[in-house]
Amino acid sequence: MRTQRIVWQGIQSLGTNKTRTFFMMAGTIVGIAALIVVVAFGKGIETKIMEKVETFGPRAIMLIAGGGKNAPPDMTVTTLTLDDAQAIREQVEDVEIVTPMAWRFRINMKYKDNQNEAVLWGVEPSWHEAWSWYAVEGDGITDQDIATMARVCVIGQTIKRELFGNSNPVGESIYVNKVRLTVKGVLEKRGTSPMGGDFDNRIIVPITTAMRRLLNVDYVGAIRIITKDTELMPQQIKKIRALIHARHHITPPEEDDFRIASPVLIARMARGTSRTLSILLIALAGLSLLVGGVVLMNILLISVAEREKEIGLRRAVGATRGDIHLQFLAESLTVTCIGMFAGCGLGVLITLILKQATKVPITLSWEPFVLSLTFALMVGLFFGVQPARKAAALNPVEALR
Amino acid sequence: MIEVERLEKTYSTGGLATPVLKGVSFHIDKGEYVAIMGTSGTGKSTLMNILGCLDKPTAGHYGLDGTAVGSLDDDALSSLRNRKIGFVFQQFHLLERATAMRNVMLPLIYAEEYPEDAEEMAERALTAVGLADRRRYRPNELSGGQQQRVAIARALITDPEIILADEPTGALDRKSGLEVMAIFKKLHEQGRTIVLVTHDRGVAEHAQRIILLKDGRVAEDRAVEERRDPDVELNTLGAGEDDG
């Protein structure tokens with residue numbers, strides 16, 4: 001009870017000088033707001049990255065034809081072959097699946113009067129497993145299809161809707177690039193890609209059929225490799241790179257005619273600039289908390305000097321040193337706590353505005369609020385102790401003089 | 001009530017010892033109205049600080065209401081001040097931003113038990129000093145005399161054993177000063193022990209007894225033969241002056 005009364009004295013003295021109180025909490029407000037924004041920002045980006053990695057496949061390595069860092073995969077580079085896939089299968093240890101793919105991005109197809117434009121993939125049976133993407137109606141691509149260069153296809157949900165509406169497509173024939181293919185299955189629904197593309201607007205055919213009958217090529221666009229153990233991935237990537245270098249007669253610093261993507265690289269690429277921004281914002285948050293704390297401490301120290309008489313009087317009417325200490329500490333802690341709430345509010349506001357104004361993924365979560373409370377209390381304590389100690393140490397006789 | 005025996009106080013600054021009180025002895029009984037008098041530099045402020053438990057003697061004995069003050073630690077002294085002493089200062093020392101009520105109630109904050117009827121107690125104390133109608137006023141809305149009366153009400157609220165007034169009229173004009181002295185007179189008549197510390201013989205003569213300090217020693221300790229009566233003087237001042 002007595003403690004409560006003394007704490008209340010500290011809180012009350014904040015109300016008496018609102019400008020001073022505002023400046024005391026300004027640093028905390030900015031610091032905490034920055035903290036909220038940066039964490040929301042980082043969380044959002046991390047979620048997006050996880051999504052990308054999940055889509056990509058956490059255990060997957062992609063060997064893509066064509067050099068360069070970010071060039072979109074195309075089918076104009078002719079150097080990656082089925083033999084490369086076979087070589088990887090034979091020479092790289094602890095890989096579960098090696099599955100080559102050939103594709104064309106825009107290909108026309110027709111069923112009766114209905115037409116559609118979609119992405120065509122030539123795949124091996126292991127493709128289903130490599131992407132965990134199976135046929136939900138009919139069957140997937142089989143070894144038999146590969147061996148016989150079968151004129152069959154498996155279609156995505158969008159194609160099924162566009163060409164067949166509600167009727168059953170399995171067993172029907174469609175024309176793709178004027179080649180007649182029998183629909184042997186329908187792929188399960190995958191939805192939208194992180195990039196915004198439609199996963200379900202695709203058609204898969206046996207890779208032999210694709211290369212010989214549809215695309216007329218003797219090379220592939222990419223090889224997907226699934227490792228048995230993600231721990232081994234770095235060595236496996238090294239090995240694959242060396243192997244392809246040898247097979248394609250490339251000696252660094254000569255430019256590669258392929259590139260390798262892995263979840264780690266995908267994540268690193270996605271983090272890229274956001275990381276710099278996050279570090280900057282964290283630095284801003286830290287700096288404003290520090291500067292805010294120093295300002296808080298100085299204002300409190302000035303206020304102790306200004307209120308010497310008040311302190312002396314309180315001591316005369318019965319306040320102990322501890323009581324004075326508690327009063328000033330309550331004052332600084334209250335300031336930083338109010339500053340924290342204001343900062344949280346401001347941070348949430350900025351986050352919501354950013355979310356509206358930009359396409360940056362932002363996720364609000366509870367963690368930064370707990371972090372804020374911790375930081376606010378730490379700043380309040382750390383920078384409040386010195387003034388409180390000074391106030392408590394005042395000799396009442398001298399303070400009252 | 002107050003027992004002071006061979007009290008000494010020596011300040012040492014930079015290795016140089018300055019004796020301020022050099023063996024002061026006196027007793028003050030309950031209900032007495034005593035003035036401690038002396039010119040500046042005679043140690044009366046030091047004596048007041050010791051009597052008020054704000055400072056401790058270097059040697060000698062100070063007993064307050066049966067407690068040997070010299071052996072107490074800082075927290076115990078704080079508690080003692082809170083329970084047994086009511087201070088009245090020359091400069092009033094009111095909290096500028098608090099109302100008269102809140103100023104009067106300040107000592108209760110530091111009491112062990114916060115009385116349930118704190119507000120009524122404060123109102124009673126303000127009534128005792130004639131300021132019941134000013135309880136919502138802040139110090140800057142009150143005259144100097146009124147501020148000092150609020151300070152007296154604050155000293156009264158804990159029902160202390162002694163009221164220790166340090167030059168209580170020093171910052172006031174004559175009429176306000178007399179009004180303050182009239183309150184002390186009334187409080188004394190109600191049985192309170194009052195110790196007045198002043199350099200002014202005119203003020204000291206309101207008390208029953210004067211202890212005169214000179215050079216850190218009691219030079220004189222005698223009853224006042226012709227006590228001044230503030231009520232009589234206020235009457236003769238006439239009604240023409242303000243409340244200043």
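This is a predicted model: local features need pLDDT of at least 70, side-chain atom pairs count only at pLDDT 80 or more; totals for chains, interfaces and linings use all residues.
I begin with the interface. Chain B and chain A bury about 2,200 Å² between them, and carbon and sulfur atoms give 59% of that area. The contact draws on 24 residues from chain B and 23 residues from chain A. On the chain B side, His93(B), Ile109(B) and Tyr110(B) supply 31% of the area that this chain buries against chain A, more than any other three residues. Charged pairs also cross the interface, where three salt bridges are found. Glu112(B) and Arg2(A) are joined by a salt bridge at 3.9 Å, N to O.

I turn now to the salt bridges in the structure as a whole. Over all chains, the search returns 36 of them. The side chain of Lys185(B) meets that of Asp229(B) in a salt bridge of 2.9 Å, N to O. This pair links distant parts of the chain, 44 residues apart: Lys185(B) sits in helix α6, and Asp229(B) in the loop between β10 and α8. Asp229(B) itself is partly exposed, at 28% relative accessibility.

Lys185(B) also forms a salt bridge with Glu189(B), at 3.9 Å, N to O. How far apart are Glu189(B) and Lys185(B) in helix α6 of chain B? Because they are four residues apart in that helix, which spans residues 174-189, about one helical turn separates them. Glu189(B) is exposed, with a relative accessible area of 57%.

Another pair in chain B is Asp221(B) and Arg209(B), whose closest N and O atoms are 2.9 Å apart in a salt bridge. Asp221(B) belongs to strand β10 and Arg209(B) to strand β9 (residues 209-214), so the pair ties together parts that are 12 residues apart in sequence. Asp221(B) is partly exposed at 38% relative accessible area, whereas Arg209(B) counts as buried at 13%.

In chain A, a network of salt bridges links Arg20(A), Arg307(A), Glu310(A), Arg314(A) and Glu331(A). Is Glu331(A) buried or exposed? Its relative accessibility is 0%, so Glu331(A) counts as buried. This residue lies in helix α11, residues 321-357. Leu300(A) is 31 residues from Glu331(A) along the chain, with 8.8 Å between their C-alpha atoms.

Chain A also carries a nonpolar surface patch, formed by Leu287(A), Leu290(A), Val291(A), Val294(A) and Val295(A), with about 410 Å² of accessible area together. Of these, Leu287(A) lies in helix α9 (residues 263-306) and is exposed, with a relative accessible area of 54%.

I close with the strands of chain B. Strand β1 (residues 2-13) pairs with β2 (residues 16-28) in the antiparallel sense over 10 bridges, and Ile2(B) has Ile28(B) as its bridge partner in β2. Two residues lie between the strands of this hairpin, where Gly14(B) takes a positive phi near 60°. Strand β1 also pairs with β4 (residues 59-64), again in the antiparallel sense, over five bridges. There, Glu5(B) stands opposite His61(B).

Definitions and conventions. Residues are numbered from 1 along each chain as its sequence is written. Chains are lettered from A and ligands numbered from 1 in the order in which they are written. Side-chain values use heavy atoms; hydrogens and water are left out. Two strands pair if DSSP finds at least two bridges between them. Buried means under 20% relative accessible area, exposed over 50%, partly exposed in between (1.4 Å probe, protein chains only). Patches are made of residues with over 30% relative accessible area and no salt bridge: like charges are joined within 9 Å, nonpolar side chains (Val, Leu, Ile, Met, Phe, Trp, Tyr) within 5 Å. Accessible areas come from the Shrake-Rupley method with a 1.4 Å probe; for residues, only the protein chains shown count as cover. A salt bridge is a side-chain nitrogen of Lys or Arg within 4 Å of a carboxyl oxygen of Asp or Glu. Contact means heavy atoms within 4.5 Å. Buried area is the accessible area (1.4 Å probe) that two parts lose on being put together, summed over both.
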